[in-house]
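Here is a friendly briefing on one protein model. Take a look at the sequence and structure below, and then we will walk through the fold together.

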Amino acid sequence: MIKERYVVLPRRFDLAGDASIQIKRTLKKKNLSKNFIKRVSAAAYEAEINIVIHSVGGYVDFLMDDKYIFLAFIDEGPGIADISFAMQEGYSTADEEARVNGFGAGMGLSNIKKSADAMQIESSKEGTHIKLWFYYGENDGNKENTQ
């Protein structure tokens with residue numbers, strides 16, 4: 001079992017994606033399929049960017065066992081006012097700084113949901129928690145890790 005925690009700093013666009021890159025490197029070392037790695041990495045990147053853009057900081061917990069990958073993205077405030085609205089493609093509350101840096105297209109949460117096998121999201125004024133599960137399948141290159 002592998003457990004890691006990565007800190008995500010707010011408004012640090014120069015560091016945006018660092019946690020996702022570390023996760024991707026770990027997955028590549030485990031002989032998993034490119035498609036599986038791509039799904040996990042894409043979702044991780046989108047969720048990490050949301051912390052950078054919309055919160056006052058947070059962290060990513062990464063857990064890898066013999067059945068699945070689990071990712072938790074935990075941030076501190078201000079939260080998502082309406083999760084169902086925020087899940088709609090194209091909806092964004094990103095500010096001008098985020099947009100200038102190439103972010104804020106409003107595809108993050110919907111892309112995360114499409115990539116993960118299971119997703120839970122909770123949000124309040126104290127922060128947002130996104131939990132993601134990715135289950136190994138027969139084509140993931142690691143036959144020990146199939147369902």
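Phe 73 touches Ala 44, Ala 47, Glu 48, Ile 51, Tyr 59, Val 60, Thr 128, His 129, Ile 130 and Leu 132, leaving aside residues up to four places away in sequence; contact here means heavy atoms within 4.5 Å. This is a predicted model, in which local features need pLDDT of at least 70, side-chain atom pairs count only at pLDDT 80 or more, and totals for chains, interfaces and linings use all residues. Residues are numbered from 1 along each chain as its sequence is written, and side-chain values use heavy atoms, with hydrogens and water left out.

**Cores**

- The largest nonpolar core has 36 residues, and those with the most contacts inside it are Ile 23, Leu 27, Ile 69, Leu 71, Phe 73, Leu 132 and Phe 134.
- Such a core is a set of buried Ala, Val, Leu, Ile, Met, Phe, Trp, Tyr and Cys residues joined through side-chain atoms within 4.5 Å; buried means under 20% relative accessible area, exposed over 50% and partly exposed in between (1.4 Å probe, protein chains only).
- Helix 2 (34-54) supplies the largest share of this core, ten residues; helices (H or I, at least four residues) and strands (E, at least two) are DSSP runs, numbered from the N terminus.
- Apart from this core lies another, of five residues, among them Phe 70, Ala 72, Ile 74 and Trp 133.

**Sheet and helices**

- Five strands form an open antiparallel sheet in the order 1-2-3-5-4, where pairing requires at least two DSSP bridges between two strands.
- Strand 1 and strand 4 stand at the edges with a single partner strand each, so one side of each has no neighbour in the sheet.
- Seven bridges join the antiparallel strands 1 and 2, and Val 7 stands opposite Tyr 59 in strand 2.
- Helix 2 lies across strand 1, strand 2, strand 3 and strand 5, running at about 10° to strand 3; axes are lines fitted to C-alpha atoms, for helices over the stretch in contact, and angles run from 0 to 180 degrees between N-to-C directions.
- Helix 5 lies across strand 4 and strand 5, at about 150° to strand 4.
- Gly 108, Leu 109, Ser 110, Ile 112 and Ser 115 are buried in helix 5.

**Backbone points to check**

- Most residues other than glycine have a negative phi, and most peptide bonds are trans.
- Arg 11, in the loop between strand 1 and helix 1, has a positive phi near 60°.
- Asn 31, in the loop between helix 1 and helix 2, has a positive phi of about 60° and is exposed at 54% relative accessibility.
- A cis peptide bond joins Gly 77 and Pro 78, with omega about 5°.
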